[in-house]
Amino acid sequence: MTLESHEMGRPRSRRLPAPGIGTRILAGLGITGLLAGFGLMAADPAEAASTPIAGVDLSWALNDEVGGGAHFGGCNFLSAGASGDNGKSAVWTDDSLYSASEGNVSITKPDAAGNQVPATWDSRCLDAGGSQVGTGVGSTSANQVNLADGTGSVDLEAGSASISWDGAFTVVFYGGMTYWSVDELTLELENGKGTLTGTAGGFGADMDDPSTWQPLTERTVTLATIDATPADLTASGATLTPDYRGVDAGNVGTPQTREGDDWGSWPQDFVAFHEATGQSSYWYSSGGLADPKKVAAPLTLSFDTSASATPVYERLPRDFPEGAELRFANLGVDVSGEPVLRAADGGELAKLGGTPAQITAGAGVGTWDVSSLAEGAHEFTLAVRNGTAETPIELSPDPAIRLTIVEPLGPTASPGIAVSDVDASSFTTTLTWPAAGGGPPTGYQVQLTHGGIAVGAALQVPADATGQGSTIVSGLTASTEYAITVTPHLATQAGTPATQQVSTGTPPTPTTTPNPEPPAPTTPPTTEPTTPTDGGASAEGATFYWGLNTEATSGAFFGGCNFLAAGKTGDTGSSRVWNADEYRSADGNVTIIKPNGSDFQQASWGTKCVDRTGANVSTSRLGSHTESQVRITGGEATRSGSELTVQWRGSFTVAFYGGLTYWTATDPILKVGGDGRGTITATASGYGASMTDASKWVRLSERTITLANLTGVDASADVITTTPDYLGVSYSGSGQSQGVVGGDDGTASGQAPQTALNSSYWGSFPSDFVDFQKETGQFSYWFTSNGARDAYKPTIPLTVSLAGDYTPTAGAYNAPAAPTLTQSNPSGGTRVPNPVAPAPAPSTTAPAVGAATSSGRATPSETGPVAVANEASGLQIGEISAPMVLGGGAGLLAVAGLNWSISLLVRRRLGLDPHLFG
């Protein structure tokens with residue numbers, strides 16, 4: 001459970017927060033109106049000389065990407081404190097690693113009125129209007145970290161400052177897949193120029209080995225370089241914009257883009273640190289659609305260099321035995337001695353016996369006896385006494401110290417509790433105080449219980465001058481009754497508590513009805529490679545050979561590769577990379593085969609990601625793929641005149657991202673009419689996941705889909721080789737303009753327009769097939785989406801052998817060592833920065849690349865430029881998103897040189913192009 005207050009006051013000790021302290025913390029949030037209202041912005045800007053300073057507050061959103069939507073895990077966000085070890089690279093499923101406040105650190109975000117309010121676990125992915133943040137430019141939660149109570153010195157005339165903060169915060173990307181923390185922040189300025197540094201740490205992972213999760217060695221990094229002027233540093237603070245635009249990123253794996261208004265970088269040592277976290281190209285311009293979101297946001301310093309005397313509690317009960325504690329700051333380094341409070345009549349307020357009262361070098365603390373003060377407001381001036389000499393101290397902006405004495409809380413009075421905005425996991429409660437109940441309180445302690453047992457820690461909620469306070473209670477269990485107990489406090493004195501029952505709402509009802517468990521495989525799993533005795537030749541009955549497209553057997557940005565498996569794969573229980581015992585290369589009539597030299601052999605777990613050269617396929621080797629095919633034997637062929645029907649029995653599975661998303665086709669049927677047109681249909685099944693809810697894993701309803709539409713088939717031949725329709729085919733299914741989270745330039749929701757640039761590979765698989773992929777999460781991997789993988793999506797030739805004398809042979813294969821790819825332009829166009837290496841060539845035997853097929857179309861020559869754009873186009877809440885599926889992968893284009901860690905895991909996982917979003 002998480003309890004968060006709408007009021008920003010926090011106790012400096014175990015006492016409840018007082019309004020005097022609360023205003024200083026509000027000042028730290030940079031709320032200008034409140035600062036002005038309390039007079040904290042009215043100090044004399046002509047201050048000169050280095051002045052010791054305390055209570056300095058820093059507020060910073062870092063940039064829009066830190067609060068932006070993510071293609072997996074919901075969003076990126078900030079958390080207070082250094083988050084612990086999650087044990088693996090995985091989305092945070094609850095708030096156990098999340099905190100909105102810890103020590104001197106708090107996380108806030110703007111509400112609809114523009115006021116900073118505490119962030120919560122439930123609101124972390126929402127913008128100021130309450131809508132889910134997306135990946136598009138301008139969409140952000142605008143959450144910011146606030147560090148309070150910095151100490152050091154400032155010289156306003158020279159524009160110098162040296163300030164340090166005690167406290168840490170964590171930057172979380174992709175819902176927790178990768179995160180890092182920083183503490184011990186220090187700001188050093190000379191003549192308005194300087195740095196903000198901190199000690200950074202975090203965790204690293206491996207894109208090819210999801211079990212890898214290792215802590216990183218802490219190091220000092222430069223969070224910001226600042227090029228301001230002395231005039232920017234004022235007596236009330238400063239707003240400083242860190243350098244970004246035009247800054248060189250240094251030696252980085254993904255080349256820095258140096259054009260446009262927003263090209264630039266965070267400091268080079270900071271970017272270098274993120275080569276280990278995997279976030280490196282999220283901190284400089286890499287040519288992607290998200291580049292404008294990477295620009296560093298201004299940071300705000302809030303302090304008061306004027307002499308101040310702040311009561312811990314400005315409101316105290318009559319005859320309060322603990323007295324009134326005051327804290328002094330910025331009185332001048334030459335001011336030391338005993339503090340004295342004098343009333344307007346010259347009388348001195350006595351100090352509380354047994355408590356120290358001393359000012360040293362302009363700062364100190366003291367406690368005064370208020371038992372002689374009547375109810376009402378009282379004003380005092382400050383002086384410092386040394387021996388018999390007494391020196392008046394001019395406080396700024398108001399020379400008066402104010403204390404208000406009120407009636408003690410009534411013994412029978414209790415707070416009012418109003419509950420609102422109740423949902424399945426949270427509610428809001430507003431606390432009020434009766435006019436005749438004494439006081440009013442300075443704050444409330446809120447404790448939630450269930451079945452008489454405390455749920456979470458008690459929350460201290462400050463109250464305003466009328467005794468009203470408000471808080472959000474979140475992280476609760478749905479359909480559960482809780483008791484909320486509220487105890488009023490006036491300073492440290494507790495009043496009579498009140499209790500009210502509240503029940504959380506019911507969770508949304510799932511819309512997907514689970515299907516029965518899939519049948520067990522008809523044969524035991526086969527994982528060791530074998531060489532078929534027939535060399536892969538067709539057996540009795542008709543034999544089917546097909547690899548769908550090159551993307552289905554290529555490298556992946558996470559999980560090693562995309563691959564084919566025999567049989568109907570069962571439920572892995574969640575979206576994750578497969579284990580060896582979940583893969584099989586033979587099941588009944590179905591075998592997965594791949595080239596070994598010029599011949600084919602049965603695939604295995606160990607070779608599923610290896611091409612014929614023995615090298616692992618990779619997104620950084622343009623054209624590399626395993627050339628694997630599904631072989632199904634025993635087909636029953638029926639000819640009726642010029643028409644042909646072939647029925648096969650068996651299943652095969654198409655797994656993307658090492659198994660993060662997969663689906664199965666069962667019992668394919670070929671039908672060809674007398675006009676040479678035909679179809680291959682099958683019963684499809686599989687599993688769906690959610691980009692915003694990593695715990696979601698649902699079985700999809702079975703349905704008949706069209707795997708391929710065929711044109712120009714010679715049904716009279718004994719061996720039919722044809723390339724299924726794709727080129728020039730429009731996608732006209734129900735996925736157009738679907739309700740995609742972040743549905744904007746960063747998330748395509750339909751087929752890209754055909755252009756001269758993409759015409760050589762523009763097209764689509766059958767529309768009902770693509771509609772099914774909306775649910776698996778692979779939506780835009782099966783049509784042109786103006787994405788990095790578009791040239792890999794066209795269908796490759798399939799072969800049906802009706803005779804037993806056909807033996808497949810491997811065609812030409814060429815996979816260059818490194819890619820040169822086209823980058824997308826945020827305006828929607830494309831640009832080709834370098835010559836383009838050949839895209840993948842089909843691995844089937846015939847026809848050759850560029851040759852005419854039985855469909856009458858030419859297979860893609862694949863020599864044109866490979867368009868890079870938003871491949872995560874089409875993912876909706878019910879889909880596996882960007883990092884989960886190359887589902888059109890929101891554009892995380894692999895680039896040679898980024899060889900490990902979450903840089904590929906988060907920016908490229910699910911086929912996302914790092915040039916676009918990383």
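Hi everyone, this short talk goes through the disulfides, the aromatic pairs and the charges over rings in the structure above.

A word on the source: this is a predicted model, where local features need pLDDT of at least 70, side-chain atom pairs count only at pLDDT 80 or more, and totals for chains, interfaces and linings use all residues. Residues are numbered from 1 along each chain as its sequence is written, and side-chain values use heavy atoms, with hydrogens and water left out.

Let's start with the disulfides. A disulfide is a covalent bond between the sulfur atoms of two cysteines; here the criterion is a pair of cysteine sulfur atoms within 2.5 Å. How many does the structure hold? There are two. One joins Cys75 and Cys125, with 2.1 Å between the sulfur atoms, and it is left-handed, at -70° about the S-S bond. Cys75 sits in the loop between strand 2 (50-60) and strand 3 (77-80), and Cys125 in the loop between strand 6 (116-118) and strand 7 (144-155), so this link ties together parts that are 50 residues apart in sequence. Strands, by the way, are DSSP runs of E, at least two residues long, numbered from the N terminus. Both cysteines, Cys75 and Cys125, are buried, meaning under 20% relative accessible area with a 1.4 Å probe, protein chains only.

The other disulfide joins Cys561 and Cys609, with sulfur atoms 2.0 Å apart. Its torsion about the S-S bond is -70°, left-handed again. Cys561 and Cys609 are buried too. In sequence order, the bonded cysteines pair 1-2, 3-4.

Now the rings. Rings of Phe, Tyr and Trp (its six-membered ring) pair if their centres lie within 6.5 Å; planes under 30 degrees apart are stacked, over 60 edge-to-face, and the rest tilted. That rule gives 41 aromatic pairs. Take Phe563 and Tyr583: their centres are 5.8 Å apart and their planes at 75°, so they are edge-to-face. Both Phe563 and Tyr583 are buried. Phe779 and Phe783 are edge-to-face as well, because their planes also stand at 75°, with centres 5.0 Å apart. Phe779 is buried at 0% relative accessibility, and Phe783 is buried at 0% as well. There is also a cluster linked by ring pairs, including Trp60, Phe173, Trp266 and Trp283.

Last, charges over rings: NZ of Lys or CZ of Arg within 6 Å of the ring centre and within 35 degrees of the ring normal. Arg124 places its charged end over the ring of Trp121, 3.5 Å from the centre.

Methods. Buried means under 20% relative accessible area, exposed over 50%, partly exposed in between (1.4 Å probe, protein chains only). Helices (H or I, at least four residues) and strands (E, at least two) are DSSP runs, numbered from the N terminus.
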